[in-house]
Amino acid sequence: MELPDFMQYKDKFSNQNFVEKISRIAKRAGAKLVYSALILYYTLQSKDVSMTDKAIIIGALGYLISPIDVIPDAIPIAGLTDDLGVLAYVLKKVWGSVSEEVKQKAKDKLSEWFDEDEMKEIDELF
């Protein structure tokens with residue numbers, strides 16, 4: 001799958017839109033996608049992350065939030081695969097900047113939406 005130019009979606013990102021979207025799609029999206037999004041969201045808030053990394057994180061989260069993307073989110077099963085691809089791509093690029101604190105914060109939030117069995121998905125993030 002070829003990734004779109006997700007930087008064109010940077011203006012779609014806002015904290016409020018992110019929280020609303022994640023809350024709405026959490027169960028349908030699955031633990032892996034939500035965990036990836038939460039890690040990026042919390043990494044974005046870190047003071048230890050470069051402006052370059054923050055810019056690509058904002059682009060990826062904007063892509064996730066946007067209802068207009070390569071595969072529309074409304075399409076069952078396939079609708080979120082492009083979003084996961086973009087999130088995974090960006091997460092790999094910034095992984096060195098992701099602190100253990102951010103990972104734990106993301107896991108704690110994830111546990112509000114998913115049970116133990118569902119959370120096992122995140123063990124194989126990459």
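Two residues are said to be in contact when heavy atoms of theirs lie within 4.5 Å, and helices (H or I, at least four residues) and strands (E, at least two) are taken as DSSP runs, numbered from the N terminus. The structure is a predicted model, in which local features need pLDDT of at least 70 and side-chain atom pairs count only at pLDDT 80 or more, whereas totals for chains, interfaces and linings use all residues. Residues are numbered from 1 along each chain as its sequence is written, and side-chain values use heavy atoms, with hydrogens and water left out.

The chain holds six helices and zero strands, so that from the N terminus on its elements run α-α-α-α-α-α. Of its 126 residues, 47% are buried, where buried means under 20% relative accessible area, exposed over 50%, and partly exposed in between (1.4 Å probe, protein chains only). Among the contacts between residues at least 6 apart in sequence, 75% join residues at least 24 apart.

Helix H3 (residues 51-65) has 15 residues, which at 1.5 Å a residue should span 21 Å, and its end C-alpha atoms are 21 Å apart, in agreement with this value; the expected span is 1.5 Å times one less than the number of residues. Because 11 of the 15 residues of H3 are buried, the helix is largely enclosed by the rest of the structure. Among these buried residues are Asp53, Lys54, Ile56, Ile57 and Leu61, and the buried residues of H3 pack against helix H1 (15-29), helix H2 (31-44) and helix H4 (81-94).

A search of the whole structure finds two aromatic pairs. The rings of Phe18 and Tyr41 have their centres 4.3 Å apart and their planes at 15°, so the pair is stacked. This pair links distant parts of the chain, since Phe18 lies in helix H1 and Tyr41 in helix H2, 23 residues apart. Rings of Phe, Tyr and Trp (its six-membered ring) pair if their centres lie within 6.5 Å, and planes under 30 degrees apart count as stacked, over 60 as edge-to-face and the rest as tilted. Both Phe18 and Tyr41 are buried, and ring pairs link Phe18, Tyr41 and Tyr42 into a cluster.

Tyr42 also belongs to the lining of the largest pocket, together with Gln45, Ser46, Asp48, Ser97, Ser99, Glu101, Val102 and Lys105. The largest share of this lining, three residues, comes from helix H5 (residues 100-110).

Conventions: 1 Å grid on protein atoms, 1.4 Å probe; cavity = no way out; pocket = protein on both sides within 12 Å on 5 of 7 lines; lining within 4 Å.
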